Amino acid sequence: MVAGNYLSTGLFQDQVFPTYTTPAQDVSIDLVGGAKVVDQEDNKGSIFTADIQCSNGVIHGVSRVLQPNL
């Protein structure tokens, strides 16, 4: 896996990804009942489009904005 290239086929339940905020606030993956991204406040955004390859990584469309606590 190349940094920034997380394909949907490589995601697994409760997988954690760091964010680039200070302080760091991770998001995780919930695959029960459909793929979702979960922030630290337990807000969930459904992944509706996956694996859009870009020059600097992969984009996955999520149904809501997951906003970190600043």
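Me: In this predicted model, which residues of strand β2 point the one way, and which the other?
Reply: Side chains in a regular strand alternate between the two faces of the sheet. Strand β2 covers residues 27-30, and all are buried. S28 and D30 point one way; pointing the other way are V27 and I29.

Me: Which residue stands opposite V27?
Reply: Strand β1, residues 16-17, runs antiparallel to β2. Two bridges join these strands. The residue opposite V27 is F17.

Me: What is the bridge partner of S28 in β3?
Reply: Strand β3 spans residues 36-38. It pairs with β2 in the antiparallel sense, over three bridges. The partner of S28 there is V38.

Me: Which residue takes a positive phi in the hairpin of β2 and β3?
Reply: Five residues lie between the two strands of this hairpin. The phi is near 75 degrees, and the residue is G33.

Me: How many aromatic pairs are there, and of which kind is the pair Y6 and F17?
Reply: The count comes to one aromatic pair. Y6 and F17 form it, at 4.6 Å centre to centre. Y6 sits in the segment before β1 and F17 in strand β1, eleven residues apart. Their planes make 75 degrees, and over 60 counts as edge-to-face.

Me: Is F17 buried or exposed?
Reply: The cut-off for buried is under 20% relative accessible area. F17 has 13% relative accessibility, so F17 counts as buried.

Conventions: Residues are numbered from 1 along each chain as its sequence is written. This is a predicted model: local features need pLDDT of at least 70, side-chain atom pairs count only at pLDDT 80 or more; totals for chains, interfaces and linings use all residues. Side-chain values use heavy atoms; hydrogens and water are left out. Buried means under 20% relative accessible area, exposed over 50%, partly exposed in between (1.4 Å probe, protein chains only). Helices (H or I, at least four residues) and strands (E, at least two) are DSSP runs, numbered from the N terminus. Two strands pair if DSSP finds at least two bridges between them. Rings of Phe, Tyr and Trp (its six-membered ring) pair if their centres lie within 6.5 Å; planes under 30 degrees apart count as stacked, over 60 as edge-to-face and the rest as tilted.
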